[in-house]
Amino acid sequence: MNKETAQPPSGSLAIETRQLRFRWPKQQAPLMFPDIQLHRGEHLFLRGASGTGKSTLLSLLAGMMLPETGAVNLLETNLSTLKGGARDRFRADHMGVIFQQFNLVPYLSALANVTLPCRLSTRRRNQTQGNPETAAKALLQQLSIPETLWHRPVTQMSIGQQQRVAAARALIGSPEIILADEPTSALDTDNRDRFIELLLTLAHEHRCSIVFVSHDQSLANHFHHQRSLGGES
Amino acid sequence: MSKLRLTLSLATASLWYRRRVLAMVCLTLTLSVTLLLGIQYLRTEVRQSFTSTISGTDLIVGARSGQLNLLLYTVFHIGDATNNIRWSSFKHIEDDPRVNWAVPISLGDSYQGYRVVGTNGRFLERFQHGNDQPLKLAQGQWFSQLFDVTLGAEVARQLQHQLGDQIVLSHGGGRTSFSNHADLPFRVSGILQATGTPIDQAVYISLEAMEAMHVGWESGVAIPGRTLSASSAEARSFTPDAITAILLGLKNPIMTFQLQRELSQFPGEPLSAILPGVALSELWRMMGQFEQVLLGISVFVVATSLIGLIAVLLTIQSQRHREVAILRAVGTPPSLIAGLYSLECVLLALASCGFSLFIGAALIASLSPWLLTHYGIHIGLRALNPDEWLLLSMVPVVAFAVSLAPAWHHWRKSRTLSFGNNNPNQPDFKGDTLHGARAMTMR
């Protein structure tokens, strides 16, 4: 691990953005984003209708794209100062990501999907006391994935199970930040509430900050902070 | 190092996951590589067995003619001699101090389409093929009585002759002959082991028997009353007037060219002497064009299957954008994703090479005894030579080269891949987004 991705002191800011602006090529109006300040261990609910740039903001936060103006500081590191490869490493070391659907590499077992970040990041591996398998099994247990499915192809799982495996992958190795892009939109109400509760409980245990994006306002009360995208901030 | 291990394990898992589609591609590639390797292997083998049809003989002497003609009728039993050599010339050459041994050969008759070779005991001792392998008898002995005949392996197999069978030789060449030496039947005294050379396709009798058969045949047909009966023939001794060719072994091979030149200017009669090795390679050069073309075709077959492989991988690629997005999101660098692509291609090629080696070896091992007994072609299992290894190793190398185009495409694309990109002004990213479909329906 290099200096750029060194662990910041705890209690500090997990995410800080200032005057973020992004313009897609060939598009006239730039997307403007509200400033975000999120302390470590706190959770943020981002609400926004389609087309308000939710995914763009997540891409900026994940360091997969760079803003036109403004700065994204994660764990007091300015992402714009990092090169592409360093941003990939930063993401592998400090971030977990949950998508709306199709979260899992289809040719890996559930267990291999969960341990994937530990194979890309030494830091995440070390956080599991050097034993990603055990950590992954513990997480899958906590997320109540039946043991019979652990070594099976993930394509045999229900969507709810797949989302929980994705949550386990985001949580393994206790990254500081988890980005969740509408992870519950494919779930029914029961599953949805259970998923969010589990995710938040485990995030608390692992001291992760969650940025949760959804268009469903009813989920907002689970989170410490909330922001709306599009229009006023 | 751990990155490489990760790439390798992801590549193998991905290949295994797509095994049903890829099995067909792998099969195509395996078959074409087997074809390529097989042709190269057979080329080497056939060339080897062809150019060693005769060995240990320094010079072949015949009546004045071209070297290919002389080679064809003496060794391959194709075509006819232009003229004979006088027995006195043979004696003269045999007595030359530089000559170690001389084997006379007399041709002209046939048995069921197979050539009858009149010679003597030295033929068995001196004639060699392959890597200086001598002739061996599978059964019985080399002819010793006047009307004994020794059969080549193929003749005995085709005509199902046993030791002691009586056979009737025909006058002149051809499969069906109307003038048979019916009054002088021969007894099969021995059968030679298969050699995979034209030796297998001839029958061998003594020069004396050749003479005895032709007493009374001076005009070309048997004149009644002048031919011999078996008992009266055995009572006489025969010295041939003329023979067709001579195989020479020299005491010192350095003298070969000198003797060759002298024989070409032989004062007694016009003769030609050839070096069998030189003549064989010249003959091979003429026939070799064909196998070059064959090899060229098989190279194209392999190229076609590699292009098919790329086509299939490109088709799969469009189904892989989700997987790439996930890998990118967990922090996989674009280089690893491009590497995954190339590695899968190379692994597939390596698997095909492995399979084709196995198939090739199994085919040769199982077919080689059958080929030898049914066609007299000797093709043994041997280790690949450097040329063949080179040809085989070109397959994964070329596979890697052709994988670079899609790998580069992947690398470039995955570098700019964003989260759920639902921007309609980004046609380049359509289908790459995780939310593309949802964005469409909600708009």
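Which strand of chain A is Gln19(A) found in? Gln19(A) sits in S1, covering residues 13-22. These legends describe a predicted model, where local features need pLDDT of at least 70 and side-chain atom pairs count only at pLDDT 80 or more, while totals for chains, interfaces and linings use all residues. Residues are numbered from 1 along each chain as its sequence is written, with chains lettered from A and ligands numbered from 1 in the order in which they are written.

**View 1. Gln19(A), a strand residue with a positive phi.** Gln19(A) isn't a glycine, yet its phi is about 45 degrees. With 12 other C-beta atoms within 10 Å, Gln19(A) is exposed (12 or fewer means exposed, 20 or more means buried, and in between is partly exposed; C-beta atoms are placed from the backbone).

**View 2. Chain A around that residue.** Chain A has seven helices and 10 strands (DSSP runs numbered from the N terminus: H or I of at least four residues for helices, E of at least two for strands). Its C-alpha trace spans about 50 × 40 × 35 Å along the principal axes. The radius of gyration of chain A is 17 Å, which agrees with the value near 17 Å for a compact globule of 233 residues (taken over C-alpha atoms; the globule rule is 2.2 Å times the number of residues to the power 0.38). Of those 233 residues, 49% count as buried.

**View 3. Ala202(B), a buried strand residue.** Ala202(B) belongs to strand S11 of chain B, residues 202-206. Why does Ala202(B) count as buried? Because 20 other C-beta atoms lie within 10 Å. Leaving out residues up to four places away in sequence, Ala202(B) touches His77(B), Tyr114(B), Arg115(B), Val117(B) and Gly152(B) (contact means C-beta atoms, placed from the backbone, within 7 Å). Thr150(B) is 52 residues from Ala202(B) in sequence, but their C-alpha atoms are 8.9 Å apart.

**View 4. Gln160(B), a loop residue with a positive phi.** Look for Gln160(B) in the loop between helix H6 (153-159) and strand S9 (166-167) of chain B. Gln160(B) is not a glycine either, and has a phi of about 50 degrees. It counts as exposed, with 7 C-beta neighbours inside 10 Å.

**View 5. Chain B as the setting for both residues.** Chain B contains 14 helices and 14 strands. With 443 residues, the globule rule gives 22 Å, but the radius of gyration of chain B is 34 Å, so chain B is more spread out than a compact globule. The C-alpha trace of chain B spans about 115 × 45 × 35 Å along its principal axes, and 37% of its 443 residues count as buried.

Definitions and conventions: Contact = placed C-beta atoms within 7 Å.
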